[in-house]
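Keep the picture open while you read.

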Amino acid sequence: MPDTFELIASSTVGSGGAANIDFTSIPSTYTDLCVKFSIRTNRTGSVEDAIRIQFNGSGGTAYTSRMVYGSGTGAASTNYTSTAYTVSFSTSTADTTANTFGNGEMYIPNYAGSTNKSTSSDLVSENNATAATAGLNAGLWSNTAAINRITLTPNSGTLFNQYSTAYLYGVKNA
Amino acid sequence: MESKMPNPTRIEINCETGVESIIELTDAEVAELTYQAELAAEKKAEEDAQAEANAAAKAALLDRLDITAEEAKLLLA
């Protein structure tokens, strides 16, 4: 297998949690980017949360997201339009089994090109019970700037819990 | 005099230098964070309520027609 994945940076949330994880000054020397998550948020009242992803610190209304997901009781879909971030669903919360973390990854092709930026991601919330959710997500940032910063934020919770991790990889042509 | 609880922190990783910084949120950032979380919870609650209403309406219709969901699928196939 060609050595095309290179770890650019990683972070593990410390005690007290973190409101966001912010990768800055991302080099433009790769073809694609890939972010791998192991996340648990402090959301209560639900066994599912999502992750907001924002690029270059740019808010506004240039993001859209579509997601399909299956839970312990059925399948559904939803979308977000004109938001200040793209949303990836689903991850674990304070109400899921203790010490379990949702996991997933987001792929960002052609992140340094001059076209709008699309993303795809898949995530699952871990919960040792019927209610657990798996989601497939498509996102679009209607902006032609090269991505040099990625900020991850909980969608409904306010903190990523301790021991949550995020790994940012650069992907080069084989 | 009561001392103020520290605000939550965020993590910033500079990919060029590899330096990771733990930065305390400003009061304005904390307020925005809370507001955004409330908005997200409201949207999800609305979606859940709509899904529940749809399921109830479907069950009521099946009951009124006196057929099962499988029989309804057969009719539409």
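Start with chain B: of its 77 residues, 18% count as buried, where buried means under 20% relative accessible area, exposed means over 50% and partly exposed lies in between (1.4 Å probe, protein chains only). A quick heads-up: this is a predicted model, so local features need pLDDT of at least 70, side-chain atom pairs count only at pLDDT 80 or more, and totals for chains, interfaces and linings use all residues. Residues are numbered from 1 along each chain as its sequence is written, chains are lettered from A and ligands numbered from 1 in the order in which they are written, and side-chain values use heavy atoms, leaving out hydrogens and water.

Chain B has two helices and two strands, in the order β-β-α-α from the N terminus. Helices (H or I, at least four residues) and strands (E, at least two) are DSSP runs, numbered from the N terminus. The C-alpha trace of chain B spans about 65 × 40 × 15 Å along its principal axes. Its radius of gyration is 25 Å, while a compact globule of 77 residues would come out near 11 Å; this radius is taken over C-alpha atoms, and the globule rule is 2.2 Å times the number of residues to the power 0.38.

Now for the rings. Rings of Phe, Tyr and Trp (its six-membered ring) pair if their centres lie within 6.5 Å; planes under 30 degrees apart count as stacked, over 60 as edge-to-face and the rest as tilted. Over all chains, that rule gives five aromatic pairs. Here are two of them:

| Pair | Centre to centre | Angle between planes | Type |
|---|---|---|---|
| A:Phe55 and A:Trp141 | 5.6 Å | 45° | tilted |
| A:Tyr69 and A:Phe89 | 4.7 Å | 65° | edge-to-face |

A:Tyr69 is buried at 14%, and A:Phe89 is buried at 6%.
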